[in-house]
Amino acid sequence: MTAVLYDAPGPRAKRRNLILGVVGVAALLAVVGFVVYRFAVTSQFDPTVWQWILYKNIQLLLVDALVNTLRAFVVAAILALLFGAVLAAGRLSDHRWISGPATVVVEFFRAVPLLILIFILYFGMSRGLGVSISAFTALVLGLMLYNGSVLAEIFRAGVASLPRGQSEAAYALGMRKTQVMTNVLLPQAIRAMLPTIVSQLVVVLKDTALGFLILYPELLYQARFLGSQGQLGSPILPVAMVIAAIYIAMCLLLAQFANYLERRSRRNRRRVDPTAPDDDTAIEMEQIRAATP
């Protein structure tokens, strides 16, 4: 039996996949067990190593660092989405004098490493142009320029992946290009691009950690500060584990929010068209259609 994109595995392939899965899980558990063992041997789980987290001032310091991280992420994410939407609209334009510069901007900022952008904005602007900007502004602008260019390509690819019949039918109804883009193409493209957009926003969240290089007081900056304090026992590993857990929690919450938006969009689509099949039914119909001679 064949599926749409691949042949269904036979008995030998299933046995091979099972063996590879068991070996992979065993290797992963062995690595995790070795890491936990080394932490236990080096006394990283002793209560005395974790006493620093009980101090109220340190807790307030971490909360303040978390707020700074979220503030930079929210502002950078909104600006990156807007910047990416404008560049994507420029790249999709039929006018060469608009699409050409938009393409140059996208390719340029995608090619420049984010850290270099941040350094140019923070150090180069003050020394070269005499314009002094704060660490927060330099970090947010760097994240906006880089991730906005990546999002522009995501938006453009999502719109271009839609069947041409969608736009042709809208033009046949007398719609202008702006109406076709906003009312027909973008709503469908955003649903298809949502997982990729969320993945890029997770990158934005993690890239806020680069702010510690220009002394922006976010989570990584405070982690380095706390881990180097001799009076606390220099708890670099415990602090790193706490900061990593905070980042993992924020990324998981962002992914759950994206899943919520996707489920809500599916409910709204079914409310508009009650006869539309769900995703599982659509996949089964496609498989039956592909298997039919």
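The legends below describe close-up views of a predicted model.

View 1. Among the elements of the chain, α2 has the highest mean pLDDT, at 91, whereas helix α10, spanning residues 279–291, has the lowest, at 45. The pLDDT is below 50 over residues 274–293. Beyond near neighbours in sequence, that stretch has eight contacts in the model.

**View 2. Packing of helix α2 against helix α8.** Helix α2 comprises residues 56–91 and helix α8 residues 219–227; their axes come within 8 Å and cross at roughly 150°. Because angles over 145 degrees count as roughly antiparallel, α2 is described as roughly antiparallel to α8. On the α2 side, the contact is made by I58, L61, L62, A65, L66 and T69. Helix α8 contributes L219, Q222, F225 and L226. Sorted by class, the residues of this contact comprise eight nonpolar and two polar, with no charged residues.

**View 3. The largest pocket and its lining.** This pocket holds about 400 Å³ of space. Its lining consists of 18 residues, and those nearest the centre are A85, A88, A89, M181 and L186. Two or more lining residues come from each of α2, α5 (135–160) and α7 (177–207). Helix α7 gives the most to the lining of the largest pocket, namely eight residues. In terms of class, the lining has twelve nonpolar, four polar and two charged residues.

**View 4. The second largest pocket and its lining.** About 300 Å³ of space lies in the second largest pocket. It is lined by 15 residues, of which L92, V159, A160, M181 and L185 are the closest to its centre. The elements giving two or more residues to this lining are α5, α6 (164–172) and α7. The most is given by α7, with four residues. By class, the lining of the second largest pocket divides into nine nonpolar residues, one polar and five charged.

View 5. Helix α5 gives two or more residues to the lining of the largest pocket and to that of the second largest pocket.

Terms used:
Residues are numbered from 1 along each chain as its sequence is written. This is a predicted model: local features need pLDDT of at least 70, side-chain atom pairs count only at pLDDT 80 or more; totals for chains, interfaces and linings use all residues. Side-chain values use heavy atoms; hydrogens and water are left out. Axes are lines fitted to C-alpha atoms, for helices over the stretch in contact, and angles run from 0 to 180 degrees between N-to-C directions. Angles under 35 degrees count as roughly parallel, over 145 as roughly antiparallel, 65 to 115 as roughly perpendicular and the rest as oblique. Contact means heavy atoms within 4.5 Å. Ala, Val, Leu, Ile, Met, Phe, Trp, Tyr, Cys and Pro count as nonpolar, Asp, Glu, Lys and Arg as charged, and the others, Gly among them, as polar. On a 1 Å grid over the protein atoms alone, a cavity is a set of points where a 1.4 Å probe fits but cannot get out, and a pocket is an open set with protein on both sides within 12 Å along at least five of seven lines; lining residues have an atom within 4 Å of a point. Grid points are joined across faces, edges and corners, and a volume is the space filled by probe spheres set on the points. pLDDT is the predictor's confidence in each residue, from 0 to 100.
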